Amino acid sequence: MVINILNPGRNGVADWMIQRASAVILGLYTIFMVAYLLFTPDLDYVAWSGLFSHLWMKVFTLLALLSVAAHAWVGLWIVATDYIKPAAIRFGALLFVILALFVFVVWGVQVLWGV
């Protein structure tokens, strides 16, 4: 049995489920946003602000933001472990990805919730 020390406690099925669930959420969010943009002819700041003033839209956007981060993490982790063979370089690359995704999520939450 192979033990994976870089991804403890998870297996390929968990990664597959995260990728598929996050892709579905992102697909639904994209369809909603495209439909909103197409069917709102007089889109201005008031309409845009009105859309994001609803709690359900903030939650949906936060879910999409977290889905982007999860989808990116799983995808980049898989690519890094497949193609970056030196452990130190792979660790550095994955650390950079973690930090970038963390900043992205924190910044997105600040923008979305006005914190």
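The axes of helix 1 (residues 12–39) and helix 3 (55–83) come within 8 Å and cross at roughly 140°. Axes here are lines fitted to C-alpha atoms, for helices over the stretch in contact, and angles run from 0 to 180 degrees between N-to-C directions. Helix 1 and helix 3 are therefore oblique to each other (under 35 degrees counts as roughly parallel, over 145 as roughly antiparallel, 65 to 115 as roughly perpendicular, and the rest as oblique). Helix 1 passes helix 3 in a left-handed crossing; a crossing is left-handed if the near helix is turned anticlockwise from the far one by less than a right angle, and right-handed if clockwise. By class, the contact of helix 1 with helix 3 holds 17 nonpolar, six polar and one charged residues.

The model is predicted: local features need pLDDT of at least 70, side-chain atom pairs count only at pLDDT 80 or more, and totals for chains, interfaces and linings use all residues. Residues are numbered from 1 along each chain as its sequence is written, and side-chain values use heavy atoms, with hydrogens and water left out. Helices (H or I, at least four residues) are DSSP runs, numbered from the N terminus. Ala, Val, Leu, Ile, Met, Phe, Trp, Tyr, Cys and Pro count as nonpolar, Asp, Glu, Lys and Arg as charged, and the others, Gly among them, as polar.

For helix 1 and helix 2, the axes come within 13 Å and cross at roughly 150°. The two helices are therefore roughly antiparallel. Their crossing is right-handed. From helix 1, Tyr29, Phe32, Met33, Tyr36 and Leu37 meet Ala47, Trp48, Leu51 and Phe52 of helix 2 (contact means heavy atoms within 4.5 Å). This contact has nine nonpolar residues, no polar and no charged ones.

Helix 3 and helix 4 have axes that come within 10 Å and cross at roughly 175°. That makes helix 3 roughly antiparallel to helix 4. Their contact comprises 21 nonpolar, three polar and two charged residues.

The largest pocket contains about 270 Å³ of space. Helix 2 (45–52), helix 3 and helix 4 (87–113) each give two or more residues to its lining. Helix 4 gives the most, with five residues. Among the lining residues are Tyr29, Trp48, Phe52, Lys58, Phe104 and Trp107. The lining divides into nine nonpolar, two polar and one charged residues. On a 1 Å grid over the protein atoms alone, a pocket is an open set of points where a 1.4 Å probe fits, with protein on both sides within 12 Å along at least five of seven lines; lining residues have an atom within 4 Å of a point. Points are joined across faces, edges and corners, and the volume is the space filled by probe spheres set on them.
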